[in-house]
Number of protein chains: 2
Amino acid sequence: MLAEIITIGDEILIGQIVDTNSAWIARELNNIGVRVKQISSVSDDREHILKALAEAHHRANIILITGGLGPTKDDITKKTLAEYFNVGFVESDEALVNVEQIFKKYNRPLLDVNKLQAQVPANCEVILNKNGTAPGMWFDHDGRIYISMPGVPFEMMYMMEDTVLPKLKTSFDLPHIIHKTILTVGEGESFLAQRIEDIEDSLPSHIKLAYLPKLGQVRLRLSAYGTDEAALTDEVNRYAQKISERVANVVAAHEDLPLEKVILDKMAVKGFTLSVAESCTGGYISHLFTQHAGSSAVFLGGAVSYSYELKESILGVKNETLWQTGAVSQETVKEMVEGAILNFKSDYAIAVTGVAGPGGGSEDKPVGTVWIAVASVNKTVTKKFTFGSKRAQNIERTAISALGMLNTLLAEVEN
Amino acid sequence: MLAEIITIGDEILIGQIVDTNSAWIARELNNIGVRVKQISSVSDDREHILKALAEAHHRANIILITGGLGPTKDDITKKTLAEYFNVGFVESDEALVNVEQIFKKYNRPLLDVNKLQAQVPANCEVILNKNGTAPGMWFDHDGRIYISMPGVPFEMMYMMEDTVLPKLKTSFDLPHIIHKTILTVGEGESFLAQRIEDIEDSLPSHIKLAYLPKLGQVRLRLSAYGTDEAALTDEVNRYAQKISERVANVVAAHEDLPLEKVILDKMAVKGFTLSVAESCTGGYISHLFTQHAGSSAVFLGGAVSYSYELKESILGVKNETLWQTGAVSQETVKEMVEGAILNFKSDYAIAVTGVAGPGGGSEDKPVGTVWIAVASVNKTVTKKFTFGSKRAQNIERTAISALGMLNTLLAEVEN
């Protein structure tokens with residue numbers, strides 16, 4: 001079963017907002033066995049919308065449309081849909097009651113322009129909008145399902161969860177899609193591909209392997225399409241296991257999780273705690289951990305020690321170390337990580353110090369020079385990296401490399 | 001001049017990643033006077049890509065394609081482009097040297113599959129990829145420009161900034177677009193709109209005003225289209241000044257800068273220093289500041305004090321305060337911010353503590369309860385906020401609110 005998502009609105013096309021709705025919708029559809037064939041973002045323009053609908057009609061069975069349902073003049077989705085289906089408008093009692101209730105709740109006078117929101121194309125079934133005044137619309141036309149929803153994320157999400165997904169499940173006999181992801185760290189895409197080439201070549205045509213690389217990590221994702229869910233799951237797991245065994249030395253997780261979450265989960269199981277001493281990443285590593293719910297069970301916190309003074313006062317780095325070897329040195333990063341373990345009383349710690357750039361580089365230590373240390377109570381590992389000239393990337397690469405090093409140190413304990 | 005963006009890759013269509021590239025590209029194109037007509041996301045599928053290219057050809061003058069350029073089998077953009085243009089492959093010396101240099105730098109053996117990355121369709125001009133092995137490609141075909149770039153954001157961004165945007169500017173006679181942005185903090189969109197309604201109504205048709213709201217901030221962006229750059233600039237500046245004067249009490253900057261950068265710049269001029277004590281934001285505020293080059297002149301660092309112990313040991317919060325009033329209280333946040341000023345020896349400090357969720361809430365302090373403090377050496381301001389139930393939003397709202405409070409405190413000093 002194929003779907004197409006059409007997002008309507010100039011704000012996406014001028015780059016004012018990032019379209020996060022489509023990824024969410026795509027994920028939800030995938031989970032019920034509907035494959036998204038294309039996502040198109042078009043402007044609030046009658047002809048352009050009509051064209052997009054006609055094209056989608058040829059590609060997909062289910063067409064989901066978001067945006068352009070507001071009460072103002074620039075929102076033309078509803079009237080364009082009526083034109084596309086060649087029908088007139090009717091007033092929906094259900095939608096009108098909803099609009100009235102919302103205005104009553106917020107104690108605002110009901111304007112004529114708001115009453116108009118209850119007018120819908122004659123051939124639609126209304127999808128109730130519990131979080132806003134614009135009704136969603138379900139059309140069954142010429143062998144295709146068209147679904148129009150507001151662009152406001154939480155209004156759309158509510159409609160999808162409450163009405164659209166359940167209704168799609170009962171309307172179609174959907175196939176199963178099984179995804180299985182293996183997270184690898186520390187080996188490039190092409191090297192991985194070489195190592196598992198024969199396994200990849202042996203995959204049946206209904207199972208696809210994708211390489212999803214991201215700064216020092218590669219996700220290997222197997223996707224299988226079919227009707228027998230149990231058999232599919234079994235089949236995918238078997239191939240996943242073959243791959244995992246082959247590249248076992250770089251596998252960090254058998255789920256689609258970010259590396260820092262994998263680390264938090266591993267550490268939580270063992271009751272380990274973690275602290276950080278961040279210089280050049282300036283809080284980014286802490287942020288990666290603390291964005292995850294439940295991180296406080298493992299992550300105690302740490303220091304963002306940008307200045308020499310804070311490296312000394314919070315972390316106990318020796319004054320002579322800083323002045324003799326500089327803030328970006330093996331000696332300093334070692335004292336930082338060991339200071340974190342000692343002062344923050346954690347089982348493990350990460351420390352990073354480097355020249356993120358664009359300024360601050362020298363001949364000895366050009367922009368992109370970074371020292372990273374990870375430590376347990378018994379062992380400290382330090383490593384020097386030479387990244388590039390871009391600040392944001394240096395921060396990101398430093399963080400990912402530090403996570404990779406901590407993951408390796410944790411694996412040593414496991415074995 | 002119209003452009004279309006085609007993103008290629010199953011990872012977008014299954015919702016595994018959010019397409020942030022398109023919004024970035026659209027914004028950059030807009031800045032040089034190119035309008036994006038449509039954004040399409042299609043799968044790694046030969047026929048589908050061919051169809052998308054042919055459709056885009058009818059709609060746009062410039063077609064920008066991202067993704068599908070990796071060395072592995074699932075990446076088929078390059079070969080599909082060669083088929084679309086009906087040309088063979090040639091080896092690009094420039095691209096080969098680049099691949100060789102990258103492998104040499106990282107001291108990895110060059111595989112045949114990597115050498116293949118230097119093979120490009122015969123009709124293309126290579127766009128150098130300084131950050132990766134896949135070359136970008138520029139095609140001039142049948143009155144249209146086609147540009148193929150990797151999907152990895154920083155590889156794509158580098159190519160756009162270094163080659164594509166300058167080359168588009170010289171290839172086409174583009175109209176001038178002048179943007180002027182005013183950053184306001186602390187007043188809602190509709191209230192601002194009411195205050196400047198008459199100025200907005202007096203704008204000539206070639207100048208547009210957009211309201212760009214984002215969590216407690218609204219950017220007012222004037223955009224002018226025309227041929228005489230100097231006259232346009234002059235005209236836009238005059239309207240911008242009118243607006244700035246009208247809403248002077250909420251204007252934080254007359255440039256399109258993030259609030260934390262505005263704060264860093266203001267503080268740098270005065271020689272002020274800043275430290276932070278972060279609990280529920282877990283490093284995110286530090287990260288906001290330190291992502292900006294030169295932040296070390298102002299930002300000394302601080303503590304990510306997730307645990308009670310670290311609040312005591314690094315910040316000097318009293319044990320009895322924590323046990324009597326809890327970690328999320330006015331007393332604790334006050335001691336945190338004053339501890340930061342004292343221990344980190346900064347002129348200003350920010351402290352935040354709250355229940356980010358989804359766990360950890362109580363009847364007294366439900367998820368979303370946050371205390372924020374900002375302080376100078378002489379003055380401490382504390383404020384309680386009640387946000388929602390989503391962790392990521394609570395972290396973001398807390399950070400933005402803290403920046404707003406610091407900006408207000410700094411403004412008091414100025415006046």
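Which residues does Ala210(A) touch, not counting residues up to four places away in sequence? In this predicted model, the partners of Ala210(A) are Arg219(A), Leu220(A), Arg221(A) and Asp74(B). Contact means heavy atoms within 4.5 Å. Ala210(A) sits in strand β10 of chain A, residues 207-214. Helices (H or I, at least four residues) and strands (E, at least two) are DSSP runs, numbered from the N terminus. Ala210(A) has a relative accessibility of 11% and therefore counts as buried. Buried means under 20% relative accessible area, exposed over 50%, and partly exposed in between, with a 1.4 Å probe and protein chains only. Ala210(A) and Leu222(A) are 12 residues apart in sequence, and their C-alpha atoms are 6.5 Å apart in space.

Residues are numbered from 1 along each chain as its sequence is written, and chains are lettered from A and ligands numbered from 1 in the order in which they are written. Local features need pLDDT of at least 70, side-chain atom pairs count only at pLDDT 80 or more, and totals for chains, interfaces and linings use all residues, while side-chain values use heavy atoms, with hydrogens and water left out.

Chain A contains 16 helices and 17 strands. Its C-alpha trace spans about 80 × 55 × 40 Å along the principal axes. Of the 415 residues in chain A, 56% are buried. Among contacts in chain A with a separation of 6 or more, 67% join residues 24 or more positions apart.

Helix packing was examined next. Two packed helices are described by the angle between their axes and the distance between the axes. Axes are lines fitted to C-alpha atoms, for helices over the stretch in contact, and angles run from 0 to 180 degrees between N-to-C directions. In chain A, α3 (residues 46-59) and α4 (residues 77-85) pack at about 55°, with axes 10 Å apart. That angle makes α3(A) oblique to α4(A). Angles under 35 degrees count as roughly parallel, over 145 as roughly antiparallel, 65 to 115 as roughly perpendicular, and the rest as oblique. The crossing of α3(A) and α4(A) is right-handed. A crossing is right-handed if the near helix is turned clockwise from the far one by less than a right angle, and left-handed if anticlockwise. From α3(A), the contact uses Arg46(A), Ile49(A), Leu50(A), Leu53(A), Ala54(A) and His57(A); from α4(A), it uses Thr80(A), Leu81(A), Glu83(A) and Tyr84(A). By class, these are 6 nonpolar, 2 polar and 2 charged residues. Ala, Val, Leu, Ile, Met, Phe, Trp, Tyr, Cys and Pro count as nonpolar, Asp, Glu, Lys and Arg as charged, and the others, Gly among them, as polar.

In chain B, α3 (residues 46-59) and α4 (residues 77-85) pack at about 55°, with axes 10 Å apart. The two helices are therefore oblique to each other. Their crossing is right-handed.

A second pair in chain B joins α2 (residues 21-31) to α7 (residues 153-171), at an angle of about 20° and with axes 11 Å apart. This makes α2(B) roughly parallel to α7(B). The crossing of α2(B) and α7(B) is right-handed. Residues of the contact include Trp24(B) and Ile25(B) of α2(B), and Met156(B) and Leu165(B) of α7(B). By class, the contact has 9 nonpolar, 1 polar and 2 charged residues.

In soluble globular proteins, nonpolar side chains tend to be buried together. A nonpolar core is a set of buried Ala, Val, Leu, Ile, Met, Phe, Trp, Tyr and Cys residues joined through side-chain atoms within 4.5 Å. The largest nonpolar core has 78 residues. Those with the most contacts inside it are Leu274(A), Phe289(A), Ile350(A), Leu274(B), Phe289(B) and Ile350(B). Apart from this core lies another, of 45 residues, among them Val333(A), Ile314(B), Val328(B) and Phe344(B).

Backbone geometry was also examined. Most residues other than glycine have a negative phi, and most peptide bonds are trans. A cis peptide bond joins Gly357(A) and Pro358(A), with omega about 0°. Pro358(A) lies in the loop between β15 (348-354) and β16 (369-376) of chain A. The bond from Gly357(B) to Pro358(B) is cis, with omega near 0°. Asp142(B) is not a glycine, yet has a positive phi of about 50°. Asp142(B) lies in the loop between β7 (136-141) and β8 (144-149) of chain B, and is exposed, with a relative accessible area of 57%.
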